[in-house]
Amino acid sequence: MHAVIEENLEELLASPSACGRAALDHLVSCKACAMELERMRQIALLFPALRNESPIDPAPYFAARVMMSIERRPSSFWASLLESALGTTMGTVFFRRVAFASLLVLASLGGYLASTDSEFRAGVTPELIMAAERDAPASEYGRNQDRELLMVTIATFNPDETE
Amino acid sequence: MDYENTQDGALVRRVQAGDQAAFRDLVERYQSKVFSIIHGIVRQRNDVEDIAQQVFAKVYFSLAKFDFRSSLITWIYKITVNECYDYLRKRKVRKLVYESDLSEDEVRRVENTEPSPGRNPLIDAVLAKRDYIVKLLSRVSEEERMLLMMKEVEGHSVEELAEMTGMNENTIKVKLFRARQKLVKASQRLDRLPSVAAN
Ligand SMILES: [Zn+2]
């Protein structure tokens, strides 16, 4: 399709009579443009079939049902939180926080491995935590909550605040 | 146009701040429009509400990303049309799996494609057009589909589209031109444009 038709395409499809002389003259002399335009016009005529001629009213409690379905999806909320964090400028900050948190975990794990042979430190040890977790009543809800809590902690961790 | 200072903008800000009542207002404001878009594309009355519910859940969970560069309705429109196409894709896959267990005769009976003397040819023509344009629109990008539908189904002008999407008019024209060219190519491949004379 030639530039003169491309530039006036929307006008030519909407109301050819209102279109400039140059485009109309070109259509008389250029069969390829005239044919492609006609094909586009035919396709444009199919779109009204997508118009909803018999409106359907939403059920009276539709909005309430939407709110309920949203409240029932905590995991999706976290997925979207992560997605939005990664998809925006917050992504960089988020990665910095995850990287910093990972480094902290690695450092403490390294420290633990180095110290576990030489001495048994008093207080809360990794063994104690794992034993407590093992002996705790198995609850899917509790586990999910812990996972969410962990994600919040990681996602909201700000290395600047520790400085 | 900056949509942050509009009524919709204020509503979005409230939802982004965690105000659930604001989201409920948003649903109530746009539910009729969303139902209408869905019904126009999928025509399965029974499924409209389920799809609409998915749409609003997606709107809710992605509202954090809304940047006010486009109008809220443009954004909801795009999510709604995408959700319809997702639904059609899933239905097609389900149908293919189901049909793989049936004989050709059984498939014809299930689809009710055998000519029936009681069917209204005018309604058949409209349905054929709808199926055809839905098929063509599956060959363009999400953005192109949204622009074409806002223009041809909703009747917005190029100027209005520019304002609603935050793009300039020339960009809209170029995008529409490319989208229309893709539709022409897709229709040549499908090679059976239903007669527009049936109007
Ligand atoms: Zn030409």
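This is a predicted model: local features need pLDDT of at least 70, side-chain atom pairs count only at pLDDT 80 or more; totals for chains, interfaces and linings use all residues.
Reader: What makes the secondary structure of chain A and of chain B helical in description?

Author: Chain A has 10 helices and zero strands, and along its sequence the pattern reads α-α-α-α-α-α-α-α-α-α. Chain B has nine helices and zero strands, with the pattern α-α-α-α-α-α-α-α-α.

Reader: How many of the residues of each chain count as buried?

Author: Of the 163 residues of chain A, 25% count as buried; of the 199 residues of chain B, 45% do. The cut-off behind that word is a relative accessible area under 20%.

Reader: What do the contacts and the exposed area say about each chain?

Author: In chain A, residues 24 or more positions apart supply 52% of the contacts with a separation of 6 or more. The corresponding share in chain B is 68%. Chain A exposes about 11100 Å², of which carbon and sulfur atoms supply 63%. Chain B exposes about 10600 Å², and there carbon and sulfur atoms supply 47%.

Reader: Why is the pair Glu154(B) and Lys33(B) called a salt bridge?

Author: The criterion is a side-chain nitrogen of Lys or Arg within 4 Å of a carboxyl oxygen of Asp or Glu. For Glu154(B) and Lys33(B) the N to O distance is 2.6 Å, so the pair meets the criterion. This pair links distant parts of the chain, 121 residues apart: Glu154(B) belongs to the loop between α7 (142–152) and α8 of chain B, and Lys33(B) to helix α2 (residues 20–42) of chain B. Over all chains, the structure holds 20 salt bridges.

Reader: Why are Glu154(B) and Lys33(B) both called partly exposed?

Author: Partly exposed lies between the buried limit of under 20% and the exposed limit of over 50%. Glu154(B) has a relative accessible area of 26% and Lys33(B) one of 29%; both therefore receive that label.

Reader: Which salt-bridge partners does Lys58(B) have, and where do they lie?

Author: One of them is Glu83(B), at 2.7 Å from N to O. Glu83(B) lies in helix α4 (residues 72–99) of chain B and Lys58(B) in helix α3 (residues 45–62) of chain B, so this pair ties together parts 25 residues apart in sequence. Asp86(B) also forms a salt bridge with Lys58(B), the closest N and O atoms being 4.0 Å apart.

Reader: Are Glu83(B), Lys58(B) and Asp86(B) buried or partly exposed?

Author: Glu83(B), at 7%, falls under 20% and is therefore buried. Lys58(B), at 37% relative accessibility, counts as partly exposed, and Asp86(B), at 22%, is likewise partly exposed.

Reader: Which residues form the negative surface patch, and which helix gives the most to the patch?

Author: The negative patch is formed by Glu159(B), Glu160(B), Glu163(B) and Glu169(B). Helix α8 (residues 158–165) of chain B gives the most, with three residues. Glu159(B) lies in helix α8.

Reader: How do you know that Glu159(B) is exposed?

Author: Exposed means over 50% relative accessible area. Glu159(B) has 57%, so the label applies.

Reader: Which residues form the positive surface patch, and why is Arg189(B) called exposed?

Author: The positive patch is formed by Lys92(B), Lys135(B), Arg139(B), Lys185(B) and Arg189(B). Arg189(B) is found in helix α9 (residues 169–190) of chain B. With a relative accessible area of 59%, Arg189(B) is over the 50% limit and is therefore exposed.

Reader: What makes the backbone at Arg43(B) and Phe68(B) worth noting?

Author: Most residues other than glycine have a negative phi. Arg43(B), not a glycine, has a positive phi of about 60°, and Phe68(B), also not a glycine, has a positive phi of about 70°. Arg43(B) is placed in the loop between α2 and α3 of chain B, and Phe68(B) in the loop between α3 and α4 of chain B.

Key
Residues are numbered from 1 along each chain as its sequence is written. Chains are lettered from A and ligands numbered from 1 in the order in which they are written. Side-chain values use heavy atoms; hydrogens and water are left out. Patches are made of residues with over 30% relative accessible area and no salt bridge: like charges are joined within 9 Å, nonpolar side chains (Val, Leu, Ile, Met, Phe, Trp, Tyr) within 5 Å. Accessible areas come from the Shrake-Rupley method with a 1.4 Å probe; for residues, only the protein chains shown count as cover. Lys and Arg count as positive and Asp and Glu as negative; His and the chain ends are not counted. The place of a charge is taken as NZ of Lys, CZ of Arg, CG of Asp or CD of Glu. Helices (H or I, at least four residues) and strands (E, at least two) are DSSP runs, numbered from the N terminus. Buried means under 20% relative accessible area, exposed over 50%, partly exposed in between (1.4 Å probe, protein chains only). Contact means heavy atoms within 4.5 Å.
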